[in-house]
Amino acid sequence: EQPPNSCFMVVGVAGLPNAGKSTLVNRIVRDSVSACSERPGTTRQKTYGILTWDNVQLVFVDTPGLEQNGTLKQLRWEALSVLPEVDVVLYVHDLRVPWNNRVDDVISHVAGLRQSFKKSNPKQPELPFQGGVPIVVALNKVDLAPDSVRSGFLARELVTRYGQKVIPKCFAVSARRGTGVPELRKYLCKSAGPGDWRYRPEWTTLSSEASRVEEVVREQLFQ
């Protein structure tokens with residue numbers, strides 16, 4: 001049953017391989033909806049996680065890693081194709097990895113500043129994407145980064161560089177340990193606009209039972 005003041009938002013989850021996207025989604029929705037491992041390409045297709053919190057329902061679209069090299073190109077296309085259906089992008093970045101031009105390219109593309117990914121694979125059709133969406137950055141693996149203080153400096157630098165319309169907020173988190181995740185979850189819930197829920201409040205995923213078993217098996221195989 002819908003609450004009278006229901007809110008709804010679709011969150012696209014993006015990032016480079018092994019950034020911890022699936023682990024973070026699992027932590028936010030409090031269920032294992034996506035396979036997690038250190039092997040690149042563990043997430044092979046879009047996976048939907050659902051969080052219903054008070055009067056808010058969030059749908060997380062967990063995507064394959066945004067990699068431009070080798071056999072992962074198709075997975076990258078799968079990840080970028082979700083942009084037209086989301087209200088906000090949660091970009092997950094591994095703090096142990098330098099924030100370089102490749103990451104800037106991804107952020108600029110998602111923000112609608114340029115379509116540079118088209119150049120790397122001209123055979124792909126143009127993305128049906130008209131303009132940008134706000135990007136919330138999760139600086140992940142703060143518990144494993146050699147200099148966790150760096151996360152604060154990087155967060156301020158990103159907001160300054162892109163502006164609050166592009167990157168309104170950055171969070172330092174550990175998806176593995178749960179550090180910073182409650183604050184991120186609360187912020188996303190507060191960002192949701194008025195709208196009807198699309199799914200039953202007890203649901204945490206749109207995957208079938210067979211698909212969930214497949215995710216668990218793949219996770220175990222990749223450990």
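Predicted model: local features only at pLDDT ≥ 70, side-chain atom pairs only at ≥ 80, totals over all residues.
Because its relative accessibility is 2%, and residues under 20% are classed as buried, Asn-140 counts as buried. Leaving aside residues up to four places away in sequence, Asn-140 touches Ala-19 and Gly-20, the run Val-92, His-93, Asp-94 and Leu-95, and also Val-173, Ser-174 and Ala-175. In the case of Ala-19, the backbone oxygen lies 2.8 Å from a polar atom of the Asn-140 side chain.

Helix 1, which spans residues 21–29, is mostly covered, with seven of its nine residues buried. These buried residues are Lys-21, Ser-22, Leu-24, Val-25, Asn-26, Ile-28 and Val-29, and they pack against strand 1 (7–14), strand 2 (47–53), strand 3 (56–62), strand 4 (88–94), strand 5 (135–140) and helix 6 (181–191). Just after helix 1, Arg-30 takes a positive phi of about 60°.

Over the whole chain, the secondary structure comes to seven helices and seven strands, which follow one another along the sequence in the pattern β-α-β-β-α-β-α-α-β-α-β-α-β-α. Of the 223 residues in the chain, 52% are buried. Among contacts with a separation of 6 or more, 70% are accounted for by residues 24 or more positions apart. The accessible surface of the chain comes to about 11000 Å², and carbon and sulfur atoms contribute 51% of that surface.

Conventions: Residues numbered from 1 in each chain as written. Heavy atoms only, no water. Buried < 20%, exposed > 50% of the residue type's maximum accessible area, 1.4 Å probe, protein only. Helix = DSSP H or I, 4+ residues; strand = E, 2+ residues; numbered from the N terminus. Contact = heavy atoms within 4.5 Å. Areas by Shrake-Rupley, 256 points an atom, 1.4 Å probe, with all protein chains shown as cover. Polar contact = N/O pair within 3.5 Å; in protein donor to acceptor, adjacent residues only side chain to side chain.
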